[in-house]
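Here is a short tour of one protein model. Have the sequence and the 3D view open, and follow along as we go.

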Amino acid sequence: MATKTSTRAVDRSDAEHSLDSSKVLTECCQQGTACRFQLVHSGYSAPAIFVAILAQGIELQISSDEMGEPLLPQAICCISFPYRTTFCAFLGCIVDVRQPKSKVRRVIVSVPQQLTTTNLRQSFRVPIIQHSGLETVVRTADNQQFVVDTHDIAQAGLEIEFAEGDPPRLSVGQSLSVELRFRGEVVQRTGDVRRIQGNRCGLLFGQNPDDGDHQQAARMNGIMLSLQQMWLKSRLK
């Protein structure tokens, strides 16, 4: 018998994007959808794949190059994944861990009663929660450097806030160098100023990207996925 986990009652915005969790997870298993597996108690995170829905729960496969953290039954984990135009997450309890000869770990996770969802349109901005660990540094053309707070981030840009009394003189259309640091990953992008309001500034990432920028954008998407998972997990509490 599968162990059930529950989340808080969805609010109106969640209800607008409500999904049949059983249907969604079945489809993900049939298609071998990629997901992100994270242990709540340690923050350990690894890419995984949906494999099957069994009597005990949902089976996930974690690749052999992600073997650094012991996975123990009864540990609470957060699973996040894209589904069509929606990003989904749920909390589950590890029911069983299997390690075949191929060294690919198979983890059985309890079946959730519901999913927490959010829109995955390109325009959707991931809110940055407090103590996320994201560090953002911007540099102007004359090499002034500022450590700023990031309020939200999207594939197309981000909104930042300069420290009180420390904002540079900016103008709409001006280009800034943006450096994002997260869990040892460093990503560099170029953002054009699109909106200025007090100490806040909205940036739009390069409109004419080259191959190097495409690579940076792909790496940034990995950071965004982790940040979005952290935000969704904070909503599940």
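## Starting at S132

In which loop is S132 found? S132 is in the loop between β10 (126-127) and β11 (135-139). A word on the labels: helices (H or I, at least four residues) and strands (E, at least two) are DSSP runs, numbered from the N terminus. Keep in mind that this is a predicted model, where local features need pLDDT of at least 70, side-chain atom pairs count only at pLDDT 80 or more, and totals for chains, interfaces and linings use all residues. Residues are numbered from 1 along each chain as its sequence is written, and side-chain values use heavy atoms, with hydrogens and water left out.

Is S132 buried or exposed? With a relative accessibility of 10%, S132 counts as buried (buried means under 20% relative accessible area, exposed over 50%, partly exposed in between, using a 1.4 Å probe and protein chains only). A polar atom of the S132 side chain lies 3.2 Å from the backbone nitrogen of L134. If you skip its neighbours within four places in sequence, S132 is in contact with F182, L227 and M230 (contact means heavy atoms within 4.5 Å).

## Strand β5 and its partners

Now jump to strand β5, residues 76-83. On one side of the story is strand β2 (residues 34-39), which pairs with β5 in the antiparallel sense over four bridges; two strands pair if DSSP finds at least two bridges between them. Look for R36, which stands opposite S80 in β5.

Strand β6 (residues 86-98) also runs antiparallel to β5, and eight bridges join them. Here C77 stands opposite G92 in β6. β5 and β6 form a hairpin with two residues between them, and R84 in the turn has a positive phi of about 55 degrees.

## Two nonpolar cores

The largest nonpolar core has 27 residues, and F37, F50, I79 and F81 have the most contacts inside it. (A nonpolar core is a set of buried Ala, Val, Leu, Ile, Met, Phe, Trp, Tyr and Cys residues joined through side-chain atoms within 4.5 Å.) At least two residues of this core come from each of α2 (21-31), β2, β3 (45-53), β4 (58-62), β5, β6 and β7 (105-109). A second, separate core has 24 residues, including I128, V178, F182 and I223. In soluble globular proteins, nonpolar side chains tend to be buried together.

Zoom in on I79: leaving aside neighbours within four places in sequence, its contacts include C35, F37, F50, L60 and F90.

## Rings that meet

How many aromatic pairs does the structure hold? There are two. Rings of Phe, Tyr and Trp (its six-membered ring) pair if their centres lie within 6.5 Å; planes under 30 degrees apart count as stacked, over 60 as edge-to-face and the rest as tilted. F50 and F81 make an edge-to-face pair, 5.0 Å centre to centre with 80 degrees between the planes. Because F50 lies in strand β3 and F81 in strand β5, this pair ties together parts that are 31 residues apart in sequence. F50 is buried at 2% relative accessibility, and F81 is buried at 0%.

The rings of F146 and F162 have centres 5.5 Å apart and planes at 90 degrees, so that pair is edge-to-face.

How values were computed
A polar contact is a pair of N or O atoms within 3.5 Å; within protein, one must be able to donate a hydrogen and the other to accept it, and residues adjacent in sequence count only if both atoms are side-chain atoms.
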